[in-house]
Amino acid sequence: MKLLVIEDNAAMQTTLQRSFERRGFRVSICDDGAKALSRWRASVPDVVLLDLSMPGLDGLDVLSLARAEGLATPVIIITARGTLGDKILGLNTGADDYLPKPFDLDELEARIRALVRRQGQASDSLRAAADAPSFCGLRVDAESGAVYHHGQPLDLPPREAALLRALLVRPGQAAAKDKLFSLVFADAADAQPDAIEVVAYRLRKRLASTGAKLVTLRGLGYLLQADD
């Protein structure tokens with residue numbers, strides 16, 4: 001597994017590099033925000049560990065630019081800025097997880113591995129949806145993950161789009177609520193399981209004119225079926 005550590009503190013660099021190389025990771029270090037994007041593009045890692053207080057470019061600027069370019073690598077922010085406001089800002093900018101310093105290295109490793117597992121699950125779901133035939137004119141683009149209806153892109157918020165992609169893997173068949181939750185809220189460690197019901201409610205309304213409807217099966221989950 002490849003890690004890119006964007007961190008300017010020499011002691012922290014050494015600790016992370018030595019610790020994770022002993023655990024079998026390949027670790028690259030970048031200590032300058034302005035150079036971080038070039039390093040990220042040159043050799044795309046499995047996970048990025050990103051400090052916020054960086055020379056050149058602030059960590060949030062690096063993250064914002066990376067996401068704007070389409071760099072989708074999972075990112076864990078590691079920072080001394082530990083307030084709730086900082087965490088919310090980091091997650092809203094595009095981070096997948098947020099760990100204030102000081103932290104336990106075992107916990108950091110567990111979070112890294114969890115992110116990689118979730119990324120793999122989401123990729124498998126997206127590939128399966130892309131290989132599936134169109135359903136009621138709904139189709140998933142394999143490259144971007146965008147959902148189209150009769151060739152026109154559907155303007156969906158990220159979580160509703162994630163739920164629809166998952167349901168399009170097997171339209172007409174029930175998908176378990178807990179599995180859908182793990183896909184839709186992979187980036188939200190604090191989300192409650194019932195949050196998937198809110199996303200399903202909103203998606204149901206957006207599908208009203210597509211010819212497909214989202215059906216709730218009590219005790220089982222959700223499915224897509226044609227709206228007769």
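The following legends describe close-up views of a predicted model.

Residues are numbered from 1 along each chain as its sequence is written. Local features need pLDDT of at least 70 and side-chain atom pairs count only at pLDDT 80 or more, whereas totals for chains, interfaces and linings use all residues; side-chain values use heavy atoms, with hydrogens and water left out.

**View A. Strand 1 and strand 2 pair in the parallel sense.** Strand 1 (residues 2–6) and strand 2 (residues 26–30) are joined over five bridges; strands are DSSP runs of E of at least two residues, helices are runs of H or I of at least four, and both are numbered from the N terminus. Two strands pair if DSSP finds at least two bridges between them. L4 stands opposite S28 in strand 2. Between the two strands the chain passes through helix 1 (residues 10–22), and this β-α-β crossover is right-handed (with the strands pointing away from the viewer, the path from the first strand over the helix to the second runs clockwise).

**View B. V27 is found in strand 2.** V27 counts as buried because its relative accessibility is 11% (buried means under 20% relative accessible area, exposed over 50%, partly exposed in between, with a 1.4 Å probe and protein chains only). Leaving aside neighbours within four places in sequence, V27 is in contact with L3, V5, Q17, F20 and E21; contact means heavy atoms within 4.5 Å.

**View C. Helix 3 meets helix 4.** The axes of helix 3 (residues 59–69) and helix 4 (residues 84–93) come within 9 Å and cross at roughly 25 degrees. These axes are lines fitted to C-alpha atoms over the stretch in contact, and angles run from 0 to 180 degrees between N-to-C directions. The two helices are therefore roughly parallel to each other (angles under 35 degrees). L60, L63, S64 and R67 in helix 3 meet L89, G90 and T93 in helix 4.

**View D. T73 lies in the loop between helix 3 and strand 4 (75–79).** At 6% relative accessibility, T73 counts as buried. Not counting residues up to four places away in sequence, T73 touches W40, V44, P45, D46, V47, V48, R67 and D96.

**View E. Three strands form an open antiparallel sheet in the order 6-7-8.** Strand 6 (138–140) and strand 8 (152–153) are the edge strands, each pairing on one side only. Strand 7 (residues 147–149) pairs with strand 8 over two bridges, and Y148 stands opposite P153 in strand 8.

Definitions and conventions:
Angles under 35 degrees count as roughly parallel, over 145 as roughly antiparallel, 65 to 115 as roughly perpendicular and the rest as oblique.
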